[in-house]
Amino acid sequence: MKSRKTAARLGILFVGAVVVPAGILAMLAIRAIDREEAYVEKQLQQTLSTELAHVASLIGAELDKIREELDRSAPSPAGADPGSLLDSWKDGVSLIRMPFLLNPDFEILWPRLTAAAGQDQVEFLKSNQEFITNKAETPVYANIALAFQEQIADLVQPKLDDQLKKTEVSSRRIETESSPQKPDLRKPALQRQKTIKDFEENPEVQQWVYQQAKERGQQSEMRNVAPSANVLPQKQALRQESIYISELKRFNDIIAGTSSGIIPRFSRDKLTFLFWKKGRDGRIVGGLLDQAAFRNRLLGLLPALYSPVRILTILDENGRPLAVPEESGERDWRRPFISQEISEILPRWEVAAYLTDPRAVVSRANLTALILWILIVMLVVSILTGGLFVLKTVRTEIDLAKKKTTFVTNVSHELKTPLTSIRMFAEMLRQGRPPDAGKRAQYLDLMVSETERLTRLINNVLDFSRRGKDEKTYAIKAVNLNRLAKELVKDQRPRLEHNGFAVVFRPAASPLIVKADEDALKQSVLNLLSNAEKYSDRAKEIDIETAGEGGRAILRVKDRGIGVPPSQSEKIFEEFYRADDSLTARTRGTGLGLSIARRIVRDHGGEIGCRPRDGGGSVFEIILPLGGPS
Ligand code: ADP
C-alpha cells in the first residue's frame, strides 16, 4: 500500500519535473520551427537592405559629384555666337548631349532653330523649350518626410515623451540615466535621418502626411515595383506610395537661390536630366544629359551584380533594370525581394535586390527545421529515457530499503531461535537433566549444531555487510570434499534428527580434492542444508551426496520439501529474493543464504544450481573443478 503511494508520488513528480518541462520545451522549439522560414527571410532582408541603403547613398553622392563636375567644366560663353564653345564642351564632356544657353531673361540663345539645326536640336527644343523659357512647369520632387520634417517631429515627439514618462514612473530612475538615447537633433543630417525613420515606422504619421501633401496640391505616386519579402513590417508593406512627392514649378523658381543643379524631367514617360548653371553675367548655361553616359556612370557604382545569394540592380522609371547579370535568368524584375527609392533627382528609380534562388530560403529553413526536429526528438527521448531510468532506480532503491528492513527483523529472529535452543539445553544440563549420559551427549551435540547454525547466520550477515566494501579474501588450500561433507553431516545430524529428519549421507568412493577456502565452502553447504530443513514440510528426508564426475567434484543436497518452481530456480539465488509460497512466508529467512552460497562457489570457479527432485522436493548441487580452479 505504502509502496503504491510512493510510486504514485514518484509518477506525479516525474510528470511535473520531467514530462511537462520536456513537453513545453518541445512545443517552444516546434513554434520556432514554424517561424524559421520567416526568420531566415528576415535575416536576408536585413542584410540586403543595409546593402541597398549603402548603394543608394553611393548614388546620391555620385549625383552630387556629377553636378560638381559639370559645374566646373561648364563654359561661360559671353559672345554673340556661343556655338563653338558649347560644342567643344559637349565634345569634351561625355555626359553632355545637348548644351543650351539662356540669357538672363530666359530667352534661348542656343540652340537656334536655323535651317542647319540638327534633328537632336529640334527634338531638344520641342521637349524643353517651353520649360526653360518659363512658359511651362515641370514636377519637382521632394522627400515627403523631409518636406514635413517639423510636423513629423511634432507628431512623434509626444509619444516619445509618453514613453519617457512611463519608464520614469515604473523604474523611478533619474531621467538622464534611464532615458533612451535621444539623437542630437542639432545636427541636420542626424535630424533628417531621424525624421525619415519616424516616418517609416509610423503608419498613422504617413497617412496624415500624405493627406497634408494632397491638400497642398502636391502629387504622390505609387512605386512601380512591389517588393516580395513578406517579412517586411506590415506598416512598410502597406505603404506602396513613393516617398517622393512632386509639385509643379517653373524653371526660374527651381533655380532661384542656387547656382547649379540637375532637374529630372519626364518626356513621354522617359526620364531625362537637365543640368543648368548660372553664369556671372546672369546667363544660364546648361545641357541635356546623355542617357547612356549617365546610366553607365551610376551602374559603375554598383558592387558585383551577381552573388550566389542575391542579384542587385538599378530599376529605371519604367521598372526596367539598367543592367542584368548573365546568370540571372528569367525573372519578374518588378517583383524584387526588397528595393529602395534612391533620390529626388531619380524619381521612380529604385535599387533592387532579388534572391538568386528564392527556393534557397525555403530549403535553408527546411534544413534548419529538420535539424531542430532531430534535436527535439533526441531531447525528448533522452529526457524520457533518463527520467524513466531515474524513476526505475528510485523504485529499486525503495524496494531494496524495504527488503533491508525486513531483513533486519528476520535476522534478529533467526538469531533468537538457535540461542533459545542452546539456552534450553544448557539449562537442562545445569539442572543435571537428563541423568543418562547418552542423552546428555546428544544435548551437547545439539548445542554444537545450533552454535554452527548461529555461526552460519552471523557469517552470512557479515558476508553481506562486507559486500561492495572489499573483496572477500579466501584462505585457499586443498580440501577433500568428502571429508568436509562428512564432518558437516556429523555436526548437523543430531539437530536434524532431533527435528524429525532422516539424514542419509552417500560419500564418493574416493577422496574429492578441490582447492578451496574450507570455511567458506562449509558456509555454502550449511546454507543448503539449512534450507533443506527449513523448506521441508511433512516428508522430512535429507540426502547428502558427493561424487566425482568428469573432472568435477559434486555435492548434492536433496530434500523432499516444497520444491522450487522452475520459473524461480534462478531468482532464488538473487539477494533478498524469497519465493512466493505459504511455507516460505511462514519460515523466517534473510533471502541471503543462496546468494552468498552462489558467490562463494563461483569465486571457487564452480557453479551452483537447483532442479526439481523426482518424486518431489529439490536437488541443490554444488559443482567444483577437481583439483581446484585451473
Ligand atoms: P532464505 O532461506 O533466508 O529465505 P535463501 O537465499 O537461502 O534465503 O533462499 C531463497 C529462497 O529460495 C527461499 O526463501 C525459498 O523460497 C527458496 N528455497 C531455498 N531453498 C529451498 C529448498 N530447499 N526448497 C524450496 N525452496 C527453497
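Modeller: A polar backbone atom of Gly-593 is 3.3 Å from an oxygen atom of the ligand, a polar contact in the sense of a pair of N or O atoms within 3.5 Å. At Gly-591, a backbone N or O atom lies 2.9 Å from a ligand oxygen, while the side chain of Lys-534 brings an N or O atom to 3.0 Å from an oxygen of the ligand. On its own the ligand has 530 Å² of accessible area, and the protein covers 99% of that (Shrake-Rupley method, 1.4 Å probe).

Please keep in mind that this is a predicted model, where local features need pLDDT of at least 70, side-chain atom pairs count only at pLDDT 80 or more, and totals for chains, interfaces and linings use all residues. Residues are numbered from 1 along each chain as its sequence is written, and side-chain values use heavy atoms, with hydrogens and water left out.

The shell around the ligand holds 20 residues, and Tyr-535, Arg-578, Thr-590, Gly-591 and Leu-594 come nearest; a residue counts as near if one of its heavy atoms lies within 4 Å. By class, 9 are nonpolar, 8 polar and 3 charged, with Gly counted among the polar ones. At least two shell residues come from each of α16 (518-534), α18 (593-603) and β18 (618-625), where helices are DSSP runs (H or I) of at least four residues and strands (E) of at least two.

Definitions and conventions:
Polar contact = N/O pair within 3.5 Å; in protein donor to acceptor, adjacent residues only side chain to side chain.
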